[in-house]
Amino acid sequence: MTTREDCAALDARDPLAGRRALFDLPAGVIYLDGNSLGALPHAAKARLREAAEQEWGQGLIRSWNSADWINLPARVGAKIAALIGAEADEVTAADSTSINVFKLVAGALAMRPERRVIVTEPGNFPTDLYMLQGLAAFLPGVELRVVEPGAILAALDESVAALLLTQTHYRSGRLHDMAGLTAKAHAAGALAIWDLSHSAGAIEVDLNGAKADLAVGCGYKYLNGGPGAPAFAFIARRHQAAFRSPLTGWMGHAAPFEFSDAFAPANGIKRALCGTPPVLGLSALEGALTAFDGVTMAEVRAKSVALGELFIALMDARCAGLGFSLVSPRNPAERGSQLSWTHPEGYAIVQALIARGVIPDYRAPQVLRFGLTPLYVRFLDIWDAVEHLVQVMQREEWREERFKQVAAVT
Ligand SMILES: Cc1ncc(COP(=O)(O)O)c(C=O)c1O
């Protein structure tokens with residue numbers, strides 16, 4: 001079986017090992033929740049300080065020009081584009097993922113006016129489903145067709161305007177075949193919209209290789225932009241002239257500073273913008289993205305797979321018979337950069353791990369979820385996390401946590 005020394009040797013050979021020093025990680029913590037909130041990069045902190053103290057504090061209103069605040073969404077979008085297989089002018093940072101889902105799905109419906117059905121799957125991260133429900137309630141005749149993954153192909157008929165799927169499932173980490181499903185959507189005359197929240201910065205994404213039409217994703221997970229970081233939106237170049245956002249704010253206008261009464265969309269990806277860009281959040285995200293400078297997503301993916309394979313092997317060897325059941329695909333080609341197990345005491349076990357400084361997260365019902373962020377998670381961290389888990393189970397520390405939970409409720 002792999003030993004702790006073997007893991008130290010893997011770290012010594014890891015081409016990404018040096019990236020960890022770019023992050024401000026608290027001592028004594030093993031952070032396995034970067035799929036929920038990425039860790040703080042030093043460059044994000046420095047950029048945030050510069051934006052606040054110099055650009056805002058000293059530059060004041062002049063910084064819209066002198067610090068080029070006005071082009072921050074495009075600048076950040078271009079950096080994200082390089083990580084997801086898109087061209088620089090196809091991605092903008094903007095709003096939240098939820099709002100971008102709304103804008104892009106509404107835009108897709110407008111591009112397929114004779115079609116009124118949106119196909120998606122149940123059990124997706126709730127906000128995608130909720131935003132679709134809200135949109136359908138506002139737009140007469142729009143129908144949601146929510147079908148299990150195995151029924152997606154059959155659901156794609158001539159009434160479908162768009163297929164909206166999350167590439168990497170938030171709970172299980174299961175990957176959808178982006179190129180294959182996009183091709184099927186196109187064959188039915190529909191557009192394919194991808195939520196990359198758990199993919200961007202974690203796995204190799206090739207939006208243009210897959211001929212994806214539209215996409216959204218989070219800035220605060222594997223992109224490490226900080227809590228509530230701006231999200232991003234992708235509109236394939238071939239659709240940009242036809243795309244119309246339902247949220248026609250002034251920053252999406254062709255000439256916002258002409259202050260005209262009538263809305264006219266900007267050329268290109270800018271038309272996906274709505275209101276004034278959140279400069280501080282964008283600045284932090286801009287700094288955070290420098291952690292990817294000089295690495296390829298192939299290297300990131302290779303380490304992610306190696307971390308995941310190690311984790312599964314150690315769990316199989318050391319936690320067999322303790323009630324854990326792997327819900328993520330065993331085949332690394334079928335999963336993103338996270339691993340999830342169910343356990344009937346999942347919540348209490350996660351609390352006991354957190355009390356020991358190992359931070360995964362819990363997703364009801366019963367799921368323990370471990371995010372593997374290749375830029376800062378070490379092979380040694382995986383070994384130590386499993387050792388802590390073994391001790392939590394042997395010493396039944398989770399009973400204490402369950403007691404606290406019951407005491408808090410009663
Ligand atoms: C698939 C997916 N979409 C969207 C979001 C979040 O959207 P928002 O940033 O608007 O809260 C998440 C958050 O975990 C997610 O997993």
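View 1. The side chain of Tyr220 places an N or O atom 2.7 Å from an oxygen atom of the ligand. Asp195 has a polar side-chain atom 2.7 Å from a ligand nitrogen atom. At Thr97, a polar backbone atom is 3.4 Å from an oxygen atom of the ligand. A polar contact is a pair of N or O atoms within 3.5 Å; within protein, one must be able to donate a hydrogen and the other to accept it, and residues adjacent in sequence count only if both atoms are side-chain atoms. The model is predicted: local features need pLDDT of at least 70, side-chain atom pairs count only at pLDDT 80 or more, and totals for chains, interfaces and linings use all residues. Residues are numbered from 1 along each chain as its sequence is written, and side-chain values use heavy atoms, with hydrogens and water left out.

View 2. Domain 1 spans 4–16 + 296–409, and domain 2 spans 45–292; the bounds come from an automatic or database domain assignment. Their centres, taken over C-alpha atoms, are 30 Å apart. Contact (heavy atoms within 4.5 Å) joins 25 residues of domain 1 to 18 residues of domain 2. The two domains bury about 1,600 Å² between them, 59% of it on carbon and sulfur atoms. Buried area is the accessible area (1.4 Å probe) lost when two parts are put together, summed over both. In domain 1, Met297, Gln338 and Leu375 lose the most area to domain 2, together 33% of what that side buries.

**View 3. Polar pairs across the interface.** Nine residue pairs, both residues at pLDDT 80 or more, are in polar contact between domain 1 and domain 2. Salt bridges across this interface number zero by the rule: a side-chain nitrogen of Lys or Arg within 4 Å of a carboxyl oxygen of Asp or Glu.

View 4. The salt-bridge count comes to 27. Asp381 sits in helix 13 (residues 379–394), and Arg20 in the loop between helix 1 (4–13) and strand 1 (30–31), 361 residues apart. Helices (H or I, at least four residues) and strands (E, at least two) are DSSP runs, numbered from the N terminus.
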